[in-house]
Amino acid sequence: MSDPDTGRPIVAELGRPETAEETWLRKDTARRSRKEHQTAFNLVLALIASLGIVLFLVAVVARPDSTVDRNVDYRQVADQADVPGVPLAAPVLPKGYSSNRADYTDKTADGVDVWTVGFLTPDKQYIGMQQGIGANPTWVANQLDQHRATGTRSIGGTKWTVYDRRDEGQDAGNQLYSLVGTFGTDTIVLAGTADDASFRAVAGAVAKQLSS
């Protein structure tokens, strides 16, 4: 219906034609509403796209996982290492033990050459072995985070110094328990999360090899 005087349509809500100001306000409100709706819609689309990218990366990108076992032939690595005149510790361990690391480092910050092997026990606990070639007291102390010894024990005919930090729980990290033994001018440091039986197995095998 139109106003007979002006010919302009009558707005039902007003009972009369809109003024120019009311028309502008109505159109501006509608325009802003459409813009806000479009902005919100675009935001939702952007969030969906971002989530899709994240899910894709999670699905296809290889991620490091400390629990994954790498099977390293540490005895072969030791045989192939070019270290004249130095027997690298590569003990024969009982069935069920494996290694996830084996490498040789020339001259650490403490001036010591280091042979490192990471052992996984049958119950999937960890024992790291480091052989400091011509090790000095500073190197040994640094491997043990400067902690004091808590005792000694004899394993495989060798005296081992004990560093027991099991009462510290997670604060000790991978050094819940450590054994340190001396073989000539070299020092062996065993440190990890395994139980006493596993430490005895590794320490005994090391002593058997290096003392023979």
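Two strands count as paired when DSSP finds at least two bridges between them. With that in hand, welcome to this structure, which is a predicted model.

**A strand with two partners**

On one side, β8 runs antiparallel to strand β7 (residues 158-164), and five bridges join the two. One of these contacts links D164 to its bridge partner Y177 in β8. Strand β9 (residues 186-192) also pairs with β8 in the antiparallel sense, this time over seven bridges. Here V180 stands opposite V189 of β9.

| Strand pair | Sense | Bridges |
|---|---|---|
| β7 and β8 | antiparallel | five bridges |
| β8 and β9 | antiparallel | seven bridges |

How is the turn between β8 and β9 built? The two strands form a hairpin with two residues between them, and G184 takes a positive phi near 65° there.

**The largest pocket**

Now let us turn to the largest pocket, which has a volume of about 220 Å³. It is lined by 16 residues, and those closest to its centre are T116, Y126, G128, Q130 and Q143. Two or more lining residues come from each of β3 (98-105), β4 (113-120), β5 (126-133), α3 (137-143) and β9. Strand β5 gives the most, with four residues. By type, the lining divides into six nonpolar, eight polar and two charged residues.

Strand β9 links the two parts of this tour: β9 pairs with β8, and β9 also contributes to the lining of the largest pocket.

Definitions and conventions:
Residues numbered from 1 in each chain as written. Predicted model: local features only at pLDDT ≥ 70, side-chain atom pairs only at ≥ 80, totals over all residues. Heavy atoms only, no water. 1 Å grid on protein atoms, 1.4 Å probe; cavity = no way out; pocket = protein on both sides within 12 Å on 5 of 7 lines; lining within 4 Å. Points joined across faces, edges and corners; volume = space filled by probe spheres on them. Nonpolar A, V, L, I, M, F, W, Y, C, P; charged D, E, K, R; others polar.
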